[in-house]
Amino acid sequence: MIRNFAYVKTGSIAEAIKALGAKGAKLHAGGTDLLGCMRDDVIQVERVVSISGLKDLKGISAKPDGGIKIGALTTIAEVAASTSIGEKYLVLAQAAAEVASPQLREQGTIGGNLCQRPRCWYFRGDFHCAKKGGDNCYSVDGENQYHVIFGGAPCFAVHPSDTAVALVALQAQLMIAGPSGIRAIKIENFFIGPDKSIEKENILAPNEIVTEVQLPPISGKARSSYRKIRARRAWDFALTSVGIVLQFENEKVSKARIVLGGVAPYPWRVEAAEKLLIGKKPDGAAATAAGQAAAEGANPMRDNAYKVEMVKGAVEESILALA
Ligand SMILES: Cc1cc2nc3c(=O)[nH]c(=O)nc-3n(C[C@H](O)[C@H](O)[C@H](O)COP(=O)(O)OP(=O)(O)OC[C@H]3O[C@@H](n4cnc5c(N)ncnc54)[C@H](O)[C@@H]3O)c2cc1C
């Protein structure tokens with residue numbers, strides 16, 4: 001049962017920031033994750049502060065530098081369908097198309113997708129787990145087949161967002177509005193692991209709002225892709241996913257970004273794999289070596305060693321598909 005809460009529909013970003021300053025206040029965009037968390041009593045919210053009517057935060061447009069900006073309230077369906085994103089930033093269009101179900105993509109926003117809470121069954125269930133202020137992460141001795149193979153402790157839940165993986169691969173930047181104005185942050189520095197903060201998954205203060213996602217200009221010769229492996233074809237979160245952006249000069253890789261999803265508490269960049277590709281044609285040998293390198297340092301739990309092999313295969317296949 002959902003607890004009683006006050007509902008504030010705001011008319012401006014400034015109004016929303018002010019309303020978020022109240023005790024127990026939480027931002028509402030599309031509500032597809034927030035309301036589920038409230039219904040399941042994962043978080044206790046006294047005041048729902050809705051920004052869903054703020055037109056300034058909606059839409060996709062070109063930036064003067066040749067990049068693209070996406071308002072935080074742009075739906076995931078719009079991102080998936082955008083031709084300007086599909087033409088130059090395919091990794092993002094593909095990731096958005098892989099999110100949840102058509103209904104959720106129509107309602108869920110890009111800002112909400114980045115800020116959604118983890119899907120760990122202990123966190124979402126009736127367990128007073130470490131993320132909810134308890135002493136234990138129950139996945140350590142419990143059911144951990146969907147948990148991290150990189151970078152856990154003291155919480156071992158994976159980051160659930162598909163678009164976050166693509167945006168880290170694209171070196172996107174986020175605009176964040178707060179009481180002291182607007183700041184820009186590289187998306188890579190937005191997400192934080194449980195070693196830095198167990199209660200939240202990003203650097204946002206409670207009264208800060210992601211207002212925009214900015215994509216930098218990208219060479220017309222860049223190729224990118226998002227590959228998601230999941231247990232079933234219907235809506236499901238990634239067991240493992242890979243976002244790749246490769247830039248080419250004379251058919252050889254000049255720049256590479258390889259980011260993994262579903263395996264770590266935040267999008268997991270694999271620089272060792274990226275470096276192996278530089279100056280090479282992405283042939284079978286290079287792709288296999290990059291796949292091996294991507295899995296280096298993995299520390300699987302009792303039931304999720306299968307993800308190590310998935311990482312190797314998904315990275316290798318994705319590189320070959322882009323070659
Ligand atoms: C059945 C189901 C399946 C799903 N499958 C997938 C999947 O396969 N892949 C995937 O990536 N996601 C998946 N999701 C998650 C879904 O994509 C998110 O629920 C959605 O993207 C959240 O967007 P929203 O606008 O509804 O956010 P809301 O529910 O409104 O908000 C989510 C969280 O983000 C915060 N927030 C929202 N917008 C902002 C902002 N602009 N600035 C700061 N904080 C903000 C809210 O306070 C809240 O904590 C699934 C969800 C469900 C229910």
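**A walk through the model**

Guide: Let's start in a loop: Gln171 is found between α9 and β6 (173-178). Keep in mind that this is a predicted model.

Visitor: Okay, and what is phi of Gln171 near?

Guide: Phi of Gln171 is near 55°, a positive value in a residue other than glycine. Most residues other than glycine have a negative phi.

Visitor: Which other residue has a positive phi although it is not a glycine?

Guide: Glu251 is one of them, with a phi of about 70°. Glu251 lies in the loop between β10 (240-249) and β11.

Visitor: Is Glu251 buried or exposed?

Guide: Glu251 is exposed, because its relative accessible area is 57% and the cut-off for exposed is over 50%.

Visitor: What about peptide bonds, where is there a cis one?

Guide: Look at the bond from Ala153 to Pro154, which is cis with omega near 0°. Most peptide bonds are trans. Pro154 has its place in the loop between α8 and α9.

Visitor: What else is in the loop between α8 and α9?

Guide: His159 is found there too, between α8 (121-124) and α9 (162-169). His159 has a relative accessible area of 5%, so it is buried.

Visitor: What does His159 touch?

Guide: Leaving out residues up to four places away in sequence, His159 touches Leu114, Ala164, Phe191, Glu201, Gly262, Ala264, Pro265 and Tyr266. There is also a polar atom of the His159 side chain that lies 3.3 Å from the backbone nitrogen of Ser161.

Visitor: Switching topic: how many residues surround the ligand?

Guide: The ligand is surrounded by 33 residues, and the closest are Leu27, Thr32, Leu34, Thr109 and Asp162. By type, the shell divides into 15 nonpolar, 11 polar and 7 charged residues.

Visitor: Which elements supply at least two residues of that shell each?

Guide: Those are β2 (25-28), α7 (110-115) and β8 (209-215). The largest share comes from α7, with 4 residues.

Visitor: Which polar atoms lie within a few Å of the ligand's oxygen atoms?

Guide: A polar side-chain atom of Thr32 lies 2.6 Å from an oxygen atom of the ligand. For Asp33, a polar backbone atom is 2.8 Å from a ligand oxygen. For Ala100, a polar backbone atom is 3.2 Å from a ligand oxygen.

Visitor: And how much of the ligand does the protein bury?

Guide: The protein buries 94% of the 970 Å² that the ligand exposes when taken alone.

Visitor: Let's do helices. Which residues of α1 are buried?

Guide: In α1, the buried residues are Ala16, Ile17, Ala19 and Leu20. Seen down the helix axis, these fall within an arc of 165°, so they line one face of α1.

Visitor: What's on the face turned away from that buried side?

Guide: That face of α1 carries the exposed residues Ala14 and Lys18. On the buried side, the cover includes β1 (6-9), β2, β3 (47-50), β6 and β8.

Visitor: Tell me about Ala19. What does Ala19 touch?

Guide: Ala19 lies in α1, which spans residues 13-20. Not counting residues up to four places away in sequence, Ala19 touches Val8, Ala25, Arg47 and Val49. Its relative accessibility is 8%, so Ala19 counts as buried.

Visitor: How far apart in space are Ala19 and Met301?

Guide: They are 42 Å apart, C-alpha to C-alpha, and 282 residues apart in sequence.

Visitor: Now α11: which of its residues are buried?

Guide: Helix α11 covers residues 284-294, and Ala286, Ala287, Ala290, Gly291, Ala293 and Ala294 are buried there. They cover an arc of only 165° around the axis, so they sit on the same side of α11. What covers them includes β11 (252-261), α10 (271-277) and α12 (306-322).

Visitor: Last one: where is Ala80 found?

Guide: Ala80 is in helix α3, residues 76-81. At 25% relative accessibility, Ala80 counts as partly exposed. Setting aside neighbours within four places in sequence, Ala80 is in contact with Ala93, Ala96 and Ala97. Between Ala80 and Glu98 there are 8.7 Å, C-alpha to C-alpha, and the two are 18 residues apart in sequence.

Definitions and conventions: Residues are numbered from 1 along each chain as its sequence is written. This is a predicted model: local features need pLDDT of at least 70, side-chain atom pairs count only at pLDDT 80 or more; totals for chains, interfaces and linings use all residues. Side-chain values use heavy atoms; hydrogens and water are left out. A residue is near a molecule or strand if one of its heavy atoms lies within 4 Å of it. A polar contact is a pair of N or O atoms within 3.5 Å; within protein, one must be able to donate a hydrogen and the other to accept it, and residues adjacent in sequence count only if both atoms are side-chain atoms. Accessible areas come from the Shrake-Rupley method with a 1.4 Å probe; for residues, only the protein chains shown count as cover. Ala, Val, Leu, Ile, Met, Phe, Trp, Tyr, Cys and Pro count as nonpolar, Asp, Glu, Lys and Arg as charged, and the others, Gly among them, as polar. Buried means under 20% relative accessible area, exposed over 50%, partly exposed in between (1.4 Å probe, protein chains only). The arc is that of the directions from the helix axis to the C-beta atoms. Contact means heavy atoms within 4.5 Å.
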